[in-house]
Each structure stands twice: as structure tokens, then as C-alpha cells.
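Hi everyone, thanks for making time for this.

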Amino acid sequence: MSNMLFNRDLMCVRHCNQTIFSYDILTQCPLCLQALGENMENTPITLPCPFVRACQYPCSIILRPSVGDFLTSFQNQNNLHIALTSSSGTIVEFDVNGLAKTPPKSKHSTANEWDQCLIIAQIPEPWYDRWDEVLEKIACDPLWSKDMYQEHTHNCYAFVLSFLNELDYGEWNDFCHDKLSFSRQIVASKTQSAAKYITIHRKLQARNYFIEQQE
């Protein structure tokens, strides 16, 4: 499935005192084989796929694995790559090759790499003009040239945090001064929910349902 857009929602149902997940709409319990009733306890609920195509989410903070993709190859110890989108859906990112802009209809391989990403945050539409203004300003700064890249200190996170500090959007101001605060307060909740989806998705590659172990 490598960098393809994957957006199948999971179905979740409670039955036999167990939580059962599937990509299919279950008409009967796979444990007791009884038909699933119409009451709320037995009615499946939908767990949306958290992964999206970045260019379809303007003025957003986006995240993907530095190598590979979330669903097929990502492990907890792997590095993550963070970037931004403009109001037109152009992906703006900073890495070892310097700053790059990828328009939404680009056929460049970089665009495909963002077809299975997480939206960490998206700013309200009244802020779109300000977002684009700051993004254009910071993108012209030689601070983000290829020669300035440093893997551990002057990297994609430094670029995004610098942008957010310049943006000065109130709700994020307290968390964008250092990577640790930003990761804990803004990134962690998104990656935690994605991790659960990934775990269930991989279990479902071997069978059409998965029973979550109760703690």
C-alpha cells in the first residue's frame, strides 16, 4: 500500500463483552454467531481513518514518517517529518535538501509521500491570509537553505516552530517555543489515536475482524 491514499473507516461493535473491530459491516457476532441487534450496545460505530491527503487540507500542520508510510512500515522508533500547507494546498517543507514547495497538482514524488499523513492542526479560515503571508516571508529566509540544515537542531521541526512563532496564533503560542512542548501538547494526541488505528489495521490484514484485549 506504500504511499497510496488509504481512507477506509473501521467498524467497531460491542458484543459478548468484547470490543470487535472490522472493515466490514458485521451482521453477526464472530464469537457467538448471533445476529447483531438493533439496540445501541450492538450497533456498530464508525472509527474514521485518521490519514488524509495533505493537499486537501489548506493552512495545516502535517505529519508523516520520514521514510515509508504509517500503515505498512512505521514503527514507534522511526523519525517523523513535519511540514505545512498553504491556503492553496501547496506543501511547504524543510529537510536535508533545503526548503521545498510542492503544488497540489504536482506529479513530483514528494506530493505522493503526503498522500497518507496526519493533520496535526488546521487554522480557522479567517487566518488564511495571515498564514500565507507569514509562510511566504519565512520561505524566503536564507535560514532555510540547504546549507543551513542540521539533522538534530535546524530541521523540519525548527522550521515549523519558527513559522508558528512568527504567525503568533493565540491558541498555539504557549506550545510552539520548543519541540518538547509542541509534541506533548499538540502532536501527541494525534499520533496516539493514529497508533491505535495502525495496530488494528495490521491485525485485520490476517482476518476480517479483530478483538481488542480487555485490560
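Here is a question to start with: is α3 mostly covered or mostly open? Keep in mind as you look that this is a predicted model. The answer is that α3 is mostly covered, with 9 of its 12 residues buried. If you want to find them on the screen, the buried ones are Cys156, Tyr157, Ala158, Phe159, Val160, Leu161, Phe163, Leu164 and Leu167.

What do these buried residues pack against? Their partners are the strands β4, β5, β6 and β7, together with the helices α2 and α4.

At its start, a side-chain oxygen of Asn155 comes to within 3.2 Å of the backbone nitrogen of Tyr157. Just after the helix, Asp168 has a positive phi of about 60°.

In soluble globular proteins, nonpolar side chains tend to be buried together. Here the largest nonpolar core has 47 residues, and Ile61, Trp131 and Trp172 touch the most other members. Several elements each supply at least two residues, including β1, β4, β5, α2 and α4. Which element gives the most? That is α3, with 9 residues.

Last stop: two cysteines. Most residues other than glycine have a negative phi, and most peptide bonds are trans. Cys16, though not a glycine, has a positive phi of about 55°. You'll find Cys16 in the loop between β1 and β2. Cys59 also has a positive phi, near 50°, and its place is in the loop between β3 and β4.

Are these two buried or exposed, or something in between? Cys16 has 36% relative accessibility, so it counts as partly exposed. Cys59 has 0% relative accessibility, so this one counts as buried.

That's my tour, and I'm happy to go back to any part of it.

Note on methods:
Residues are numbered from 1 along each chain as its sequence is written. This is a predicted model: local features need pLDDT of at least 70, side-chain atom pairs count only at pLDDT 80 or more; totals for chains, interfaces and linings use all residues. Side-chain values use heavy atoms; hydrogens and water are left out. A nonpolar core is a set of buried Ala, Val, Leu, Ile, Met, Phe, Trp, Tyr and Cys residues joined through side-chain atoms within 4.5 Å. Buried means under 20% relative accessible area, exposed over 50%, partly exposed in between (1.4 Å probe, protein chains only). Helices (H or I, at least four residues) and strands (E, at least two) are DSSP runs, numbered from the N terminus. Contact means heavy atoms within 4.5 Å. A polar contact is a pair of N or O atoms within 3.5 Å; within protein, one must be able to donate a hydrogen and the other to accept it, and residues adjacent in sequence count only if both atoms are side-chain atoms.
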